[in-house]
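Please open the model in your viewer and keep the sequence panel at hand. The stops below are given in the order in which they may be selected.

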Amino acid sequence: MTRNIFLESCNDLGHHIGENFSNNSLIIVDEALDKLNLHTLSDLQTKYFKVSEDTKNLNAIEAIWDIMFSSNLNRSSEVIIIGGGVLLDLAAFAASTFKRGISFTLIPSTLLAMVDASHGGKNGFNNNYGKNQIGTFNLPNNVIICSELLSTLDDRDYKDGLVELIKHGLIGSKEIFNQLVFSDDIKVDFETIKKGIQIKTDIVEEDFLENGKRKYLNFGHTIGHLIEHDSNFNLSHGQAVAIGINYELELSKRHFGLSQEVVDNYNLFLKKINFSNSYEFINNINDLIKILEDDKKSTEDSIDIVLLSDISEPNLINLSFGEILEVVQN
Ligand SMILES: NC(=O)c1ccc[n+]([C@@H]2O[C@H](COP(=O)([O-])OP(=O)(O)OC[C@H]3O[C@@H](n4cnc5c(N)ncnc54)[C@H](O)[C@@H]3O)[C@@H](O)[C@H]2O)c1
């Protein structure tokens, strides 16, 4: 099982790394973190690696394997990965397959990676057939959450993380939801981050391979995915999912009697972070149906979607493409 460790500062992180990992371990750091000088935190060999969603591919995996070979890692080494969701997914896959798999620790540096991508054991990369099409389920040894790493994250990436966090609130915690809606500051405190992580880890513990409950984490993502593709990825994942959640809340009212109050409060949150709650589609109906057909949650002309009866009461149902397209075009 993975151990979650919570630290406040980069100094604490340095001490922890120095005390807990053997000399033949390797630290791989997202190049975007260069300002934090993380290579000075310990004596372990540290390599910076530049990533982006566009280069989250097999070439990047090959480059990370090269770093692992040239660093002379062996089966007793630990790979310590510090970065956003892209680097964590890539390097965790590379570690999971290097010499048939060596142990790794994830240190997320974006809010999204802290509350979502670092938990649950999924890793992988994109190819011509879509996002995250190749990968494994393989849990990290440790996930170390260090709040100071967020100090250099820009607002847009931070807000993308807030969207995943409020989604955790909607499917599992009124406290998180209310905190995000009603607090004056858009920055969340460490306690709320910890509670968000707990929502995800509890679900994953019950349904690691996503045969049931883990699908609840897709709330907002069925329509979010449609919007993200329609915009040709010009909207960020967070912006698309934020709108997707709003449409899926509307469907939740229709199918499960969700109260208007929840929808109104969610819209207060979107207003606070200055994210849109609706979207004008660019593609025609046939192209939108094609996007829905390509979604792994689809079967013929319908798709699995998570809707809420209330906060913390998610349900998985199957809706026709026709109904999805009707709600997003109104
Ligand atoms: N494995 C999973 O379960 C899971 C779950 C959700 C998302 N994901 C994946 O996560 C990825 C998205 O993750 P993300 O939102 O963290 O994006 P990201 O990794 O692209 O990070 C966003 C940007 O911030 C930079 N960055 C990272 N940390 C920083 C910091 N502290 N200061 C300044 N800049 C920093 C990155 O270099 C990047 O430019 C997607 O590829 C998605 O598929 C995986």
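This is a predicted model: local features need pLDDT of at least 70, side-chain atom pairs count only at pLDDT 80 or more; totals for chains, interfaces and linings use all residues.

Begin with the open sheet, in which three strands follow the order β9-β10-β11 with antiparallel pairing. Here strands (E, at least two residues) and helices (H or I, at least four) are DSSP runs numbered from the N terminus, and two strands pair if DSSP finds at least two bridges between them. Select β9 (298-299) and β11 (313-320): they stand at the edges, each with a single partner strand, so one side of each is left without a neighbour in the sheet.

Residues are numbered from 1 along each chain as its sequence is written.

Now select helix α8 (residues 221-230). Is this helix enclosed or open? Of its 10 residues, 10 are buried, so α8 is largely enclosed by the rest of the structure. A residue is buried if 20 or more other C-beta atoms lie within 10 Å of its own, exposed if 12 or fewer, and partly exposed in between, with C-beta atoms placed from the backbone. The cover over the buried residues of α8 includes α9 (237-256), α11 (285-294), β10 (302-310) and α12 (321-328). Just after α8, N232 has a positive phi of about 55°.

Move to helix α6 (residues 174-182), where I176, F177 and L180 are buried. They cover an arc of only 100° around the axis, which puts them on the same side of α6; the arc is that of the directions from the helix axis to the C-beta atoms. The buried residues of α6 pack against α5 (155-172), α7 (190-206) and α10 (260-272).

Finally, in the largest nonpolar core, of 94 residues, select V79, I80, I81, L90 and A91, which touch the most other members. Helix α3 (residues 85-97) gives the most to this core, with nine residues. Domain 1 (3-152) and domain 2 (155-328) both give residues to this core, so it lies between them.

Technical notes:
Two residues are in contact if their C-beta atoms, placed from the backbone, lie within 7 Å. A nonpolar core is a set of buried Ala, Val, Leu, Ile, Met, Phe, Trp, Tyr and Cys residues joined through C-beta atoms within 7 Å. Domain bounds come from an automatic or database domain assignment.
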